[in-house]
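I am opening a notebook on a structure that is new to me, and I want to record what I looked up, entry by entry. The sequence and the model come first, and my notes follow.

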Amino acid sequence: MLSGIPLFPVQASTVAPDVDRLYFLIIAVTSFFAIATVIAVAIFAIKYRDDSGERVGAQIHGSIPLELAWSVIPFIISMGIFVYATVVFFEIVRPPAETMEIYSTGKRWMWRFQHVDGKSEINELHVPKGRPVRVTFTSEDVLHSLYFPAFRVKADAIPGRYSSVWFEATQTGDFHLFCAEYCGTKHSGMIGKVVVMEPSAYQAWLSGSDGQPLAVRGQQLFQQLACVTCHLDDNTGRGPSLAGLFGTTVELEGGANAIADDSYIRESILTPQTKIVAGYQRLMPTFQGQVNEEGVMGLIEFIKSKAATARPQPGTAPASAPPARP
Ligand code: CUA
């Protein structure tokens, strides 16, 4: 029976129904016109067939109403698809504000997932149900592509830069994850599963953590690599202070601006000469070869955690304001 063969993966994320609706809408529109054209061709071929071999077709010279109709109607239909697809696209690329972060690296031929609290896993990813999760990832060698069919999200893993996908799982269970970019002989084995758990079960699973929180590992690297000697929190060092940096706009030498996000920090560690913060000198050496992708992710989490502590809490006066009471 056909019912035993799943034609489509289950819809297990909040965006999955929207992606499917768009997909089926496009299939329906294109099928309608393809079938209508084939039927019309068949009917006319029979109706106007020439048994005698002597009939000659009438010459037709244009028809404004007809030309308007076949221009305007397809235009309206395609713009409708465009607008709906744009809405779905924004939904897929813009994670909600309170999104849980997970880092990942792809390499031939496995996916390694790193939870912020320290737990890491290979070809398996545990996530809680009903909570937005963003996976930020890169590749250590060639192009890969991280694909979660049940969540309807996919993005290429590109060496040298970050990609990300986000999803909010809507049902518990095991779902496939694939590499969707041919990357060598064992590409077909670069697969795994996502385990969606109830939030309480996920917390229990996380608490069996074997590693240190990512930000703590980042902090240790920050000491080991001597970043701390130049990047002083009070901004008196040879490099800019990193406290409160994450997510802000940085003014660069030459007048350009950059957003201090994951990619900016990664670039500043590995190719520090690419973007120089205004007012600072080209002193920082590259840390390429001294820190691996996971080390970079740890440093990013550490810098993010500095952002959290440095941001003034609501209701407290900024450090520069005079004290309210003597
Ligand atoms: Cu990695 Cu295909």
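This is a predicted model: local features need pLDDT of at least 70, side-chain atom pairs count only at pLDDT 80 or more; totals for chains, interfaces and linings use all residues.

**Entry 1: the largest pocket**

I began with the largest pocket, which is lined by 36 residues, and I noted that His231, Gly239, Pro240, Leu242 and Met284 are the ones that lie nearest its centre.

Which helices supply at least two residues each of the lining of the largest pocket? I found that α5 (262-270) and α6 (293-310) each do, and that α5 gives the largest share of the lining, with four residues.

**Entry 2: the open sheet**

I then turned to the strands, and traced an open sheet of five of them in the order β3-β2-β1-β5-β8, with mixed pairing. At its edges I found β3 (120-122) and β8 (163-168), each of which pairs on one side only. I also looked up how neighbouring strands of this sheet are turned against each other, and the average is 25 degrees when direction is ignored.

As a reminder to myself, strands of a sheet pair through backbone hydrogen bonds, and they do this either parallel or antiparallel. In this sheet I checked β2 (residues 110-115) and β3, which run antiparallel and are joined by three bridges. Across from Glu121 in β3 stands Phe113.

**Entry 3: strand β6 and its partners**

Next I looked at β6, which is mostly covered, since four of its five residues are buried. On the β7 side (residues 153-157), I noted five bridges to β6, with the two strands running antiparallel, and I found that His144 has Ala157 in β7 as its bridge partner. β6 is also joined to β9 by two bridges, again in an antiparallel arrangement, and here Leu146 stands opposite Cys179 in β9.

**Entry 4: backbone exceptions**

- The peptide bond that joins Arg108 and Trp109 is cis, with omega about -5 degrees, and Trp109 lies in the loop between β1 (100-107) and β2.
- Asn123 is not a glycine, yet its phi is positive, at about 55 degrees; this residue lies in the loop between β3 and β4 (124-128).
- Arg152, also not a glycine, has a positive phi of about 60 degrees, and lies in the loop between β6 and β7.

The hairpin of β6 and β7 has four residues between the strands. Is Arg152 buried or exposed? With 14% relative accessibility, Arg152 counts as buried, because the limit for buried is under 20%.

**Entry 5: aromatic rings**

I counted ring pairs next, and the total comes to 14 aromatic pairs. One of them joins Phe8 and Phe24, with 5.1 Å from centre to centre and 70 degrees between the planes, which makes the pair edge-to-face. Phe8 lies in the segment before α1 (16-47) whereas Phe24 lies in helix α1, so this pair ties together parts that are 16 residues apart in sequence. Phe8 is partly exposed at 41% relative accessibility, and Phe24 is likewise partly exposed, with 40%.

Why does the pair of Tyr147 and Phe178 count as tilted? Their ring centres are 6.4 Å apart and their planes stand at 40 degrees, so the pair is tilted, because only planes under 30 degrees apart count as stacked and only those over 60 as edge-to-face. Tyr147 lies in strand β6 (residues 144-148) and Phe178 in strand β9 (residues 173-179), so the pair ties together parts that are 31 residues apart in sequence. I recorded 27% relative accessibility for Tyr147, which is partly exposed, and 29% for Phe178, which is partly exposed as well.

I also noted a cluster in which ring pairs link Phe148, Phe151, Phe167 and Phe175.

**Entry 6: charges over rings**

Conventions
Residues are numbered from 1 along each chain as its sequence is written. Side-chain values use heavy atoms; hydrogens and water are left out. Rings of Phe, Tyr and Trp (its six-membered ring) pair if their centres lie within 6.5 Å; planes under 30 degrees apart count as stacked, over 60 as edge-to-face and the rest as tilted. Buried means under 20% relative accessible area, exposed over 50%, partly exposed in between (1.4 Å probe, protein chains only). Two strands pair if DSSP finds at least two bridges between them. Axes are lines fitted to C-alpha atoms, for helices over the stretch in contact, and angles run from 0 to 180 degrees between N-to-C directions. On a 1 Å grid over the protein atoms alone, a cavity is a set of points where a 1.4 Å probe fits but cannot get out, and a pocket is an open set with protein on both sides within 12 Å along at least five of seven lines; lining residues have an atom within 4 Å of a point.
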